[in-house]
Amino acid sequence: MFATTPLRIVAVSAGLSRPSSTRLLADRLAAATRERLAADQDRNVEVHVIELRDLAVDIANHLVSGFPPATLREAIDAVTEADGLIAVTPVFTASYSGLFKSFFDLIDHTALTGKPVVIAATGGTARHSLVLEHALRPLFAYLRAVTVPTSVYAASEDWGSAGDEHTEGLPSRIRRAGGELASAVLGRTVSGASRTPGLDDGEDALVPFEQQLADLRLD
């Protein structure tokens, strides 16, 4: 029975506009995770994207009343029951958006214990990329989730960028984060990944995090 149960990946997007670069980043991370999971095992993979803009009024009402409407309850249950989570927010005032924080304020602080999570953010400038480390990673640490090593920030200039010999482009970072989330969902001991350049620029190889630390000490 368990072998046929689909793996569930849930992406939470806090983008406010339509179309939204935040939703686009969530979709691409979900696709990268699904692709890696499909390649590495035989179970079906279900991807569900939650648009917080559609739940904004319900979130506000729940904060003051304590009673979530059915649609909001379903979204919360989807997040807490997912095998892997992707959380993407636009950057507002050098942090996550209020809508993003309000939604996760509604989740019990133990409900995400041990759940693998990719954190990601979008913004107009690369100068806000550290929001992932000073805001999002501590938030999910408090919720007892396990954030994968690679976080993904997409500034306006990153879209369409392939990178160069010194930096990874956005598509590469998305593939790497998706691979790490897939490995965590499957319960593998691999907890980190590094890019292995080759003839095919799309080829990625997973490297144990301990080996990455050893490599860093050698630099």
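These are my notebook entries on a predicted model of one protein chain.

**Entry 1: the chain overall**

I began by counting elements and found seven helices and seven strands in the chain. I then wrote down their order from the N terminus, which is β-α-β-α-α-β-β-α-β-α-β-β-α-α. The chain has 219 residues, and I noted that 45% of them are buried. I also looked up contacts between residues with a separation of 6 or more, and 73% of these join residues 24 or more positions apart.

**Entry 2: helix H5**

Next I turned to H5, residues 131-142. I checked its length: twelve residues at 1.5 Å a residue should span 16 Å, and the end C-alpha atoms are 16 Å apart, so the two values agree. Which residues of H5 are buried? I listed Val131, Leu132, Ala135, Leu136, Arg137, Leu139 and Phe140. I noted that Arg137, a charged residue, is on this list. The cover over these buried residues includes H4 and the strands S3, S4, S5, S6 and S7. Just after H5, I found Arg144 with a positive phi of about 65 degrees.

**Entry 3: H4 against H5**

I then looked at H4, residues 98-105, which packs with H5. In general, two packed helices are described by the angle between their axes and the distance between the axes. Here the angle is about 5 degrees and the axes are 12 Å apart. Angles under 35 degrees count as roughly parallel, so I recorded H4 as roughly parallel to H5. On the H4 side, the contact is made by Phe100, Lys101 and Phe104. On the H5 side, Leu136, Leu139 and Phe140 take part. I sorted these residues into five nonpolar, no polar and one charged.

I also listed the buried residues of H4, which are Leu99, Phe100, Ser102, Phe103 and Phe104. They pack against H5, and also against S1, H2, H3, S3 and S4.

**Entry 4: the nonpolar cores**

Which residues touch the most other members of the largest nonpolar core? In this core of 37 residues, they are Val79, Phe103, Phe104 and Phe140. I found that S1, H3, S3, H4, S5, H5 and S7 each supply at least two residues of the core. H5 gives the largest share, six residues.

I followed up Phe103, leaving aside its neighbours within four places in sequence. Phe103 is in contact with Val12, Leu52, Ile59, Leu72, Ala75, Ile76 and Val79.

**Entry 5: some single residues**

I looked at Thr4, in the segment before S1. Its relative accessible area is 63%, and exposed means over 50%, so Thr4 is exposed. Arg43 is 39 residues from Thr4 along the chain, but their C-alpha atoms are separated by 6.0 Å.

Where does Pro19 lie? I found Pro19 in the loop between S1 and H1. A cis peptide bond, with omega about 0 degrees, joins Arg18 and Pro19.

Last, I checked the loop between S3 and S4, where Thr93 lies. Thr93 has a positive phi, near 50 degrees, and is not glycine. Thr93 is exposed, with a relative accessible area of 81%. Ala94 is found in this loop between S3 and S4 too. Ala94 has a positive phi of about 65 degrees and is partly exposed, with a relative accessible area of 38%.

Key. Residues numbered from 1 in each chain as written. Predicted model: local features only at pLDDT ≥ 70, side-chain atom pairs only at ≥ 80, totals over all residues. Heavy atoms only, no water. Axes fitted to C-alpha atoms, helices over the stretch in contact; angles between N-to-C directions. Helix = DSSP H or I, 4+ residues; strand = E, 2+ residues; numbered from the N terminus. Parallel < 35°, antiparallel > 145°, perpendicular 65-115°, else oblique. Contact = heavy atoms within 4.5 Å. Expected span 1.5 Å × (residues − 1). Buried < 20%, exposed > 50% of the residue type's maximum accessible area, 1.4 Å probe, protein only. Core = buried A, V, L, I, M, F, W, Y, C linked by side-chain atoms within 4.5 Å.
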